[in-house]
Amino acid sequence: ASNTTVKLFVEEFTKEYEIKDLQKFLLNSAYRANEKVVNMFNGRKIGTTLVATIIKNKLLHWISIGDSRIYLYRKGELLKLNEEHTYEKTLNNMYENREIRIDDIMEHPKKDFLTSYIGYEEFHEIDYSKNPIPINKDDSLILMSDGIYKSLTEIELKQIIKRRISTEKKCDLVTEVIEKKGIYNQDNMTIIIIEKV
């Protein structure tokens, strides 16, 4: 599912025409990828989360489906740009409406279940930049799966990001630090760091 989604985005992006509306391109590509993955697996619950970004003229456009994250690292701070599509969000709304207690959220067995992902027939939740975000010279962009942010604190991540090494070495170091923790049932780890945009 993830390979199919990435392949579709790359194919669409590299077609020989100018993409005039980047946000529309990201949304349309996400819907096309979802349709393709759903058809490929005949409605079986197999899918992938998605975060994708395009930077053009120092403006960031992004899209997110599922529970992967996009961070903007600016002046030593990590700014989370997107929301996760998990059942925990529904539980939080129930708590705010005084329907459940805070303990009910923490103990709920389905709180990490995805409510939207590529490959879901009822796919409807999409998080995206309503307006492009201006990017500064020293900003970094970080895309990561939940296997990264659930295993690494923001302090640990910031310590790695601010090091004066290549982005490739930073990504390697992130996975090395997590592997050394020996976390039981460690989820898969994907991270992309973009610098000097």
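Two strands pair if DSSP finds at least two bridges between them; strands (E, at least two residues) and helices (H or I, at least four) are DSSP runs numbered from the N terminus. The model is predicted, so local features need pLDDT of at least 70 and side-chain atom pairs count only at pLDDT 80 or more, whereas totals for chains, interfaces and linings use all residues. Residues are numbered from 1 along each chain as its sequence is written, and side-chain values use heavy atoms, with hydrogens and water left out.

Q: Which order do the 4 strands of the open sheet follow, and what is their pairing?
A: The order is S4-S3-S7-S8, and the pairing is antiparallel.

Q: Why are S4 and S8 called edge strands?
A: Strand S4 (77-80) and strand S8 (191-195) each pair on one side only. Direction ignored, neighbouring strands of this sheet are turned by 20 degrees against each other on average.

Q: How do you know that strand S3 and strand S7 pair?
A: DSSP must find at least two bridges, and S3 (residues 69-74) and S7 (residues 140-144) have 5, in the antiparallel sense. Within these strands, Ile 70 stands opposite Leu 143 in S7.

Q: What does helix H6 touch when it packs on the sheet?
A: Helix H6 (residues 154-161) touches S3, S4, S7 and S8, where contact means heavy atoms within 4.5 Å. The direction of H6 makes about 115 degrees with that of S4; axes are lines fitted to C-alpha atoms, for helices over the stretch in contact, and angles run from 0 to 180 degrees between N-to-C directions.

Q: How many residues lie between S1 and S2 in their hairpin?
A: There are 2 residues between them, and Asn 57 in the turn has a positive phi of about 55 degrees. The antiparallel strands S1 (residues 50-56) and S2 (residues 59-65) are joined by 7 bridges, with Lys 56 opposite Leu 59 in S2.

Q: Why is the pair of Phe 13 and Phe 25 called tilted?
A: Rings of Phe, Tyr and Trp (its six-membered ring) pair if their centres lie within 6.5 Å; planes under 30 degrees apart count as stacked, over 60 as edge-to-face and the rest as tilted. This rule gives 3 aromatic pairs. For Phe 13 and Phe 25 the centres are 6.1 Å apart and the planes at 55 degrees, so the pair is tilted. Phe 13 lies in helix H1 (residues 2-13) and Phe 25 in helix H2 (residues 22-40), so the pair ties together parts that are 12 residues apart in sequence.

Q: Are Phe 13 and Phe 25 buried or exposed?
A: Buried means under 20% relative accessible area, exposed over 50% and partly exposed in between (1.4 Å probe, protein chains only). Phe 13, at 45%, is therefore partly exposed, whereas Phe 25, at 9%, is buried.

Q: What makes the pair of Tyr 31 and Phe 123 edge-to-face?
A: Their ring centres are 5.3 Å apart and their planes stand at 75 degrees, so the pair is edge-to-face. Tyr 31 lies in helix H2 and Phe 123 in the loop between helix H4 (102-107) and strand S5 (127-128), so the pair ties together parts that are 92 residues apart in sequence. Tyr 31 is partly exposed at 43% relative accessibility; Phe 123 is buried at 8%.

Q: Why is Thr 4 called buried?
A: Its relative accessible area is 17%, so Thr 4 counts as buried. Thr 4 is found in helix H1 and touches Lys 36, Val 37 and Met 40, not counting residues up to four places away in sequence.
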